[in-house]
Amino acid sequence: MTITKTTQQLIAGLCALLFASLTFAAVNTVADYDYPIKDRFAATVVGTPEGYQAKLPESIPFKSRSIVIFPERVTPDVFFYGHELLYSVALQDHEAPLIFLIAGTGASHNGSKNTNMAKAFYQAGYHVVSVSSPTYNNFVIAASKTGVVGHAERDAEDIYRVFEMIWAELKNEITATSFNVTGYSLGGFNAAFVSKLDEERKSFNFKRVLLINPPVSLYNSISLLDRMTQDIPGGINNFDKFVDKLMRAYTSTYEESADAGGEDFLYKTYKALKLKDEELGALIGTSFRVSSASLVFTSDVMADYGYIKPKGLTLNRYSNLRVYNEVSLRLGFTDYYHEFFYPFYKAEEPSMTRDQFIASMSLKSIEEYLHNAKKITMMGNVDDVILEPGEIEFFPRVFGDRATIYPYGGHCGNMNYRDNVAHMVAAFTEGEIQ
Amino acid sequence: MKSILQGLSIPVLALALGACSSGPQPQEQAESYPEPIFTAKRLLPPEQDDLDDLTAVYDPWEGMNKRIYNFNYHFDQAVFLPIVRGYETVVPKIGRTGVSNFFNNFEDLLTMVNSALQLRPKKLLHSTGRVLVNSTVGLFGLVDVATAMDIPRPMEDFGQTLGFWGTPQGPYLVIPFLGPSNLRDGLGKIPDAYVQSTVKSEVLSEPVDLTTTVLYPIDTRANTSFRYYENGSAFEYQMVRWLYSTKRKLDVDQ
């Protein structure tokens, strides 16, 4: 990365932060909203403190299962464990509507967000089928046709295939009265394209679709996240010192606390730490970087593209991956976009320019569909950290009343907040004949 | 993360190095392949060696460790997890909690001993208080009264005691059946196991002692949420290695 590019990104990042607060007023947000964390970065990192969370059952029969998507695929030995796609289900013992959940970037079918959503929908009487994000290592290995993920339409096709194959097995066990789909973050973005694909394929005829904190433009969002990594004090080469500092603060809090782990604990730590916004941003960026590093390497191996691994080189389960780990941690997602993702798909469609490609990886590219598809609703936060200034306006403009914008919550920080969980469920059950 | 780490060490099964299979040697000849777009030369600081890595851990035995890691994964899938699932089906939740409390009481005993060895009065007080309360009012440790009384639960083992007195972690070590460790902590398990087994055979009748020996690894695995290759990282070996080492460093420091 050249110095000029970095400087430009930094300036753009600063502008984004400076102007972000000015744009909040442009969108109507939900009134009487008591989510407690008003700082957008803190909300994103901390989530929802326990006293504010929705009351959900402690445990539900949420079981992990696996399915082979591509039986002929020879899985590279370095990913020997990933041949079968893992997913989770929570099934009612009577006929019921079914909801598919799609996880966000780098997250799994049984990560904490999907698990909480599964509880909410299971409690509301739904069969729940939860799948990992197409950017999750196991999904890339087992279920991505090209291995090169992050593509709006291709990911939707992969997800749709997975839904169809899972349903082909489940239909022997359960009866579904309707099909529905939701997802958060990138999963919300995926849900929009999956819904559009369903209009052609008609395997499910989705009844309702909910997009939770989706990005508008993938490129804008990954650029924002890449810039946050640059907020690590001293840059990525001081990553270990930064993490060390955080971990020390974290453990000093957990010494006092009986139960380290939950969002309540994070909230306490956050209050004790008094982290600056840049540091919180760096933390968000770092977490994104760790998952994107893994993703980029996985894609490179699956497609044998020669991005960080020499093309043609076969790795096995004992191979030393040190260099790939170190190199990929130092690469932004925008690097992947320009040097791997775009060239890979341009090879299929040589006339496509970089700008056209970027534009196609956006909800704007299906704006008309989203505007007319009354079954789709969305919920977002005006202070979402993965949206460029002003981007939030896209949702009320396109969805009208079907968009609900909360005044706080950052990126997905309020997903466990009681009002939001109630909203999520109501988006599917309201008007439903009981 | 705490849950990943705390249970990876299951200090009851004996060390048995027999089972690590010897697969093909993974010597990559990168020279014979075209250079990728982003090479180490282009991205990493010049003269960076593996100890300058972002997630550096001293691991001279990586080849052997990876084979043991792989063995542990297969053992976990084929033997350990099925047993745990059976245990969870057969024994009701309240019984399993009692079993966990019982073993935690013996862990508190280790914390007591090691806090004494580190001359740390606060931790010694807390762990002693816990053992006394739980062994009596708590019916031989089956009920965790101490936690209900808000007595904090520090955790100290002999590896930490060695670390406290200045012993470095030494090379990273994956122990068969038990999982991630390092030379210091691995050796530290021996005196810990000795103390525990001595006390156990002292206070428990032989059949009970034998039963607990069988139950301990099952209970520990049941309380460990870690599942191999389900955390989404393509670099799991490195990630676990780094998390383990960092956690142990912080454990010693605090």
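Two strands count as paired if DSSP finds at least two bridges between them. Helices (H or I, at least four residues) and strands (E, at least two) are themselves DSSP runs, numbered from the N terminus. With that in hand, S3 and S5 of chain A run parallel and are joined by 6 bridges.

This is a predicted model, in which local features need pLDDT of at least 70 and side-chain atom pairs count only at pLDDT 80 or more, while totals for chains, interfaces and linings use all residues. Residues are numbered from 1 along each chain as its sequence is written, and chains are lettered from A and ligands numbered from 1 in the order in which they are written.

## The sheet of chain A

Welcome to the sheet. In chain A, 8 strands make an open sheet with mixed pairing, in the order S1-S2-S4-S3-S5-S6-S7-S8. Its edges are S1 (63-67) and S8 (403-406) of chain A, each of which pairs on one side only. On average, neighbouring strands are turned by 20° against each other, direction ignored; axes here are lines fitted to C-alpha atoms, for helices over the stretch in contact, and angles run from 0 to 180 degrees between N-to-C directions.

| Strand pair | Sense | Bridges | Facing residues |
|---|---|---|---|
| S3(A) and S4(A) | parallel | 5 bridges | A:Ile99 and A:Val128 |

Is S3(A) enclosed or open? Because 7 of its 7 residues are buried, S3(A) is largely enclosed by the rest of the structure. A residue is buried if 20 or more other C-beta atoms lie within 10 Å of its own, exposed if 12 or fewer, and partly exposed in between, with C-beta atoms placed from the backbone.

## Helices over the sheet

Helix H6 (residues 186-201) of chain A lies across S3, S5, S6 and S7 of chain A, at about 135° to S5(A). H6(A) has 16 residues and reaches 22 Å from its first C-alpha to its last, close to the 22 Å expected at 1.5 Å a residue; the expected span is 1.5 Å times one less than the number of residues. Its buried residues include A:Phe189, A:Phe193 and A:Asp198. Among the elements that cover the buried residues of H6(A) are helix H5 (152-170) and helix H14 (367-372) of chain A. After H6(A) comes A:Lys202, whose phi is positive, near 60°.

Helix H16 (residues 418-429) of chain A lies across S3, S5, S6, S7 and S8 of chain A, running at about 155° to S6(A).

## The nonpolar cores

A nonpolar core is a set of buried Ala, Val, Leu, Ile, Met, Phe, Trp, Tyr and Cys residues joined through C-beta atoms within 7 Å. In the largest one, of 140 residues, A:Ile99, A:Phe121 and A:Val128 touch the most other members. Helix H10 (residues 277-303) of chain A gives this core its largest share, 12 residues. A second, separate core has 6 residues, including B:Leu109 and B:Val131.

A:Ile284 lies in helix H10 of chain A, and it counts as buried because it has 22 C-beta neighbours inside 10 Å. Two residues are in contact if their C-beta atoms, placed from the backbone, lie within 7 Å. Leaving aside neighbours within four places in sequence, A:Ile284 is in contact with A:Phe41, A:Thr44, A:Val45, A:Met228 and A:Val385. The C-alpha atoms of A:Ile284 and A:Leu225 are separated by 7.5 Å, although the two residues are 59 residues apart along the chain.

## Chain B

Chain B has 10 helices and 2 strands, and 35% of its 254 residues count as buried. Helix H8 (residues 183-203) of chain B has 21 residues and spans 31 Å from first C-alpha to last, close to the expected 30 Å. Buried residues of H8(B) include B:Arg184, B:Asp192 and B:Gln196. Helix H4 (93-117) and helix H10 (236-253) of chain B are among the elements against which the buried residues of H8(B) pack.

## Confidence

pLDDT is the predictor's confidence in each residue, from 0 to 100. Its mean for chain B is 81, with 86% of the residues at 70 or more. Over residues 1-28 of chain B the pLDDT is below 50. For the complex, the predictor gives an ipTM of 0.80 and a pTM of 0.86.
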